[in-house]
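Dear colleague,

A summary of the findings follows it.

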Amino acid sequence: MRNRPTPRAVVAAATAAIAIGALTACGDDASGAAPDKLNVVAAFYPLQFVAEKVGGDAVHVNNLAKPGAEPHDLELNASQVAQIVDAKVVLYLKGFQPAVDEAVEQQGGDRAFDVSTAVPLLGPSAGHSHEGEEHEEESGGKDPHVWLDPTRLATIGEKVAERLGQADPDHAADYTARAAALRSDLDTLDKEYAAGLKTCERREIVTSHAAFGYLADRYDLEQIGITGLTPEDEPSPRRLADVAAEAREHKATTIFFETLVSPKVAETIASEVGAKTAVLDPIEGLQPDSSDDYFSVMRKNLAVLEPALGCTA
Ligand SMILES: [Zn+2]
């Protein structure tokens with residue numbers, strides 16, 4: 001009898017439990033989604049960017065790749081798999097992140113949208129090749145880095161709008177309108193690139209991994225990737241020597257490295273050929289606590305490319 005709680009205490013405890021339950025429902029379930037928003041999972045940053053631009057305040061987007069982590073080799077934990085299970089739309093790029101491909105195959109069903117179906121992917125050897133040289137033969141797959149061409153990303157935005165509209169017909173017109181606005185902003189960026197890279201002393205870019213095939217394709221550059229399509233590929237001494245020779249041949253002043261992987265290999269080649277290093281960001285993910293977005297990083301990349309290639313506006 002002594003331990004029976006008073007009615008007042010029971011009400012207080014119940015109220016507290018309801019409050020905790022409410023908090024949990026808002027912010028702490030696997031998806032983190034608000035109940036009135038369309039719950040979207042994006043497999044890495046550029047897809048998060050597109051989903052948020054196109055979805056606006058009608059969607060809640062979870063990015064599976066954590067800021068500051070290189071997304072190619074993403075491993076999924078149980079709560080990330082739960083996010084995929086809970087999502088109404090899952091945006092991924094087949095062939096880019098094997099762990100995501102596997103989870104989507106098992107859990108994604110028809111909620112998953114492979115954005116590579118929106119734009120034809122280039123082969124790995126698109127970009128630089130000299131007769132008699134071996135390039136990228138270690139990777140037989142397609143080049144996934146399609147977001148580095150703003151016009152292709154705009155097409156992905158329109159397809160994402162269709163998918164969001166199918167999952168959430170009430171907002172379909174809004175998604176379509178926002179995708180058109182995104183297309184317009186990406187076209188502006190595209191024109192800046194075309195103008196900035198129109199007249200240059202050099203068109204070869206030596207990059208740490210071969211992430212810039214679509215940028216090269218769109219703006220008539222020649223990519224010389226030190227490693228292949230994934231950053232983990234270790235370049236052989238032979239490959240390093242070849243790249244150094246090409247860098248010299250093309251009078252490269254700058255060897256590019258990227259934000260999420262070690263600059264060591266780029267620095268080795270730069271010191272060998274007497275070039276500088278600079279960041280050219282493949283926008284596979286943002287740095288933690290970054291205030292950047294796709295547009296600001298693309299414009300930083302252009303500002304680095306113009307002087308490195310000796311371009312005159
Ligand atoms: Zn990459």
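Helix H2 passes helix H5 in a right-handed crossing (a crossing is right-handed if the near helix is turned clockwise from the far one by less than a right angle, and left-handed if anticlockwise). The model is a predicted one, in which local features need pLDDT of at least 70 and side-chain atom pairs count only at pLDDT 80 or more, while totals for chains, interfaces and linings use all residues. Residues are numbered from 1 along each chain as its sequence is written, and side-chain values use heavy atoms, with hydrogens and water left out.

H2 spans residues 45-55 and packs against H5 at an angle of about 60°, the axes being 9 Å apart. Helices (H or I, at least four residues) and strands (E, at least two) are DSSP runs, numbered from the N terminus; axes are lines fitted to C-alpha atoms, for helices over the stretch in contact, and angles run from 0 to 180 degrees between N-to-C directions. H2 and H5 are therefore oblique to each other (under 35 degrees counts as roughly parallel, over 145 as roughly antiparallel, 65 to 115 as roughly perpendicular and the rest as oblique). Phe-49, Val-50, Ala-51, Val-54 and Gly-55 of H2 meet Leu-153, Gly-157, Val-160, Ala-161 and Leu-164 of H5, contact meaning heavy atoms within 4.5 Å. By class, eight of these residues are nonpolar, two are polar and none is charged (Ala, Val, Leu, Ile, Met, Phe, Trp, Tyr, Cys and Pro count as nonpolar, Asp, Glu, Lys and Arg as charged, and the others, Gly among them, as polar).

H5 also packs against H6 (residues 172-196), where the axes come within 9 Å and cross at roughly 175°. That makes H5 roughly antiparallel to H6. The contact of H5 with H6 has 11 nonpolar, five polar and four charged residues.

The zinc ion has as its protein donors His-72 (NE2), His-145 (NE2), His-209 (NE2) and Glu-284 (OE), at 1.8 to 2.1 Å. Donors are N, O and S atoms within 2.8 Å of the metal (3.2 Å for Na, K and Ca); water is not among the atoms, so sites may look incomplete. The four donor atoms subtend angles of 98 to 115° around the zinc ion, which makes the arrangement tetrahedral (four donors count as such if all angles lie between 85 and 135 degrees). Along the chain, the zinc donors follow the spacing H-x72-H-x63-H-x74-E.

Yours sincerely

Conventions
Tetrahedral: all angles 85-135°; square planar, octahedral: opposite > 155°, others 65-115°.
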